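Let's explore a protein model together, one question at a time.

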Amino acid sequence: MKKKWWRGFFIASCCLLVACNQDEVIDEKPKHEEGSSGAQENKSSENSGKQREALSFEAPPIPKSFNESAQYKGRGMFAGEKFTNQKEIIDVLDQFPLLTKDFSEKERTKAKQYLLALFKEDLNVVDVPIDQWESMQMKDPKGENDSIQLKENYNVVILLDSSGSMANWENNKTRMELAKESIQQFVESLPKQANVSLRVYGHVGTGSDEDKAVSCSKVDEVYPLGTYEYSKFSEALNQFEPAGWTPTGLAIKQVEEDLKEFSGEENTNIIYIVSDGVETCGTDPVGAIKSLAQSNIQPVINIIGYHVDNEGLAQLKEMAEVSNGNYVNAENQEQLNGEFQQTADMAKIWSDWHNNTQDTLNQLFKTIQSQLNDWYNEQQTRNNREYNNLQEAINYLKDKEILDTEVYLEFDSDFRDYYLTVDSEARNLYLELDGINRNSFLDNWRSVMDRYLKNVN
């Protein structure tokens, strides 16, 4: 483990690189024993045209750990809702192939992977801003004091995707309108000493091929880095609407260039990328964000996928992986607000530090503890929903005699093992981070008290 215990543990525990190799499409026809009932033969024949369609979907392998589940490259079309015999789910399950033990192990595995892909929930590696706490600290340049010191400057840079898809609607407002509301609320909640910057891309032209060149070449800093002023920031937000293509890579490159004077040695640099889709301009956002992460800016990178599809989800997660950043999938404005609030909480701790260090340490402990609890509770909720939905699905398939008893028991056992593994590893990770938070609090508290006693003697 690295000497910087926060980031060392965060990387070791949460940034496991997972390869999602895909199984080959199976073209062979299912085999049946001689003497099978006529009803089963007819059912198999009736499904034969549909079962190849179902099994031709190349779903990723079933994860073998919590980290693999969090890095799963996709989200099920039925994730986020409880399976209560909704027609749209039933219609898909009715297309499922008739499966018996006569099917090869490879084909049964493909069917399990396909079923999981329908209900796969988007689990997240720990997004508690532990790395923000580390980024706020600095060493005594004179080497005379071992106690904690915080950097003087706190910079928050927001990159907002304003491509045409942000015009889609949610609760009688566009995604862009809701994102703007969340961003305004977020920057209002930051300490007055903090600096903010808002950059926008995809806001020029249209989604047509004729406008691609101009749309892909334009990134604007509509609010230059500085302290927050309500009227000027509101005016900046009103300058643009969803419009064109998505030059994510170009936006990230410009941030690295424009922030190079704000070295991470003297500045806490927090970068937010809010996007609802994949880069569409041919630039390389993965390479760009890796370069940004390795620069002297030393940024803390937070990527929020807002109503993102599976292609965008895979790319945004990869961007978080290569930059040791945090990725969260926000399905609504409330979740978007929740992610911003984590940074607002940490920024307040940075602001309060010099006024009352002991009280601020208490607040730091409580803030991280609360956010850690929220993360763990959310993973439990999603993991439980995923497992319960899979159970309901295989029960339905068995009742409809689409799965025979032996195959049903195999599916039930494998999904149970998968669920228990993910649940156990998420809990172990929670307990380890909880212990680190408590131990850190005690160590920091002792450091503060030592400094206090030196000063009063």
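Q: In this predicted model, how far apart are the sulfur atoms of Cys216 and Cys281?
A: Cys216 and Cys281 form a disulfide. A pair of cysteine sulfur atoms counts as a disulfide within 2.5 Å. Here the sulfur atoms are apart by 2.0 Å.

Q: Which parts of the chain does the pair Cys216 and Cys281 link?
A: Follow the chain and you will find these two cysteines 65 residues apart, so the pair links distant parts. Cys216 belongs to helix H8 (residues 212-216). Cys281 sits in the loop between strand S8 (267-275) and helix H11 (285-293).

Q: Are helices H7 and H13 roughly parallel or roughly antiparallel to each other?
A: Look now at helix H7 (residues 175-189) and helix H13 (residues 333-352), which pack with their axes 10 Å apart. The angle of their packing is about 20 degrees. Angles under 35 degrees count as roughly parallel. Therefore H7 and H13 are roughly parallel.

Q: How many charged residues does the contact of H7 with H13 have?
A: Residues of H7, including Leu178, Glu181 and Phe186, meet residues of H13, among them Leu336 and Phe340. By class, this contact has seven nonpolar and six polar residues. The number of charged residues is one.

Methods:
Residues numbered from 1 in each chain as written. Predicted model: local features only at pLDDT ≥ 70, side-chain atom pairs only at ≥ 80, totals over all residues. Heavy atoms only, no water. Helix = DSSP H or I, 4+ residues; strand = E, 2+ residues; numbered from the N terminus. Axes fitted to C-alpha atoms, helices over the stretch in contact; angles between N-to-C directions. Parallel < 35°, antiparallel > 145°, perpendicular 65-115°, else oblique. Contact = heavy atoms within 4.5 Å. Nonpolar A, V, L, I, M, F, W, Y, C, P; charged D, E, K, R; others polar.
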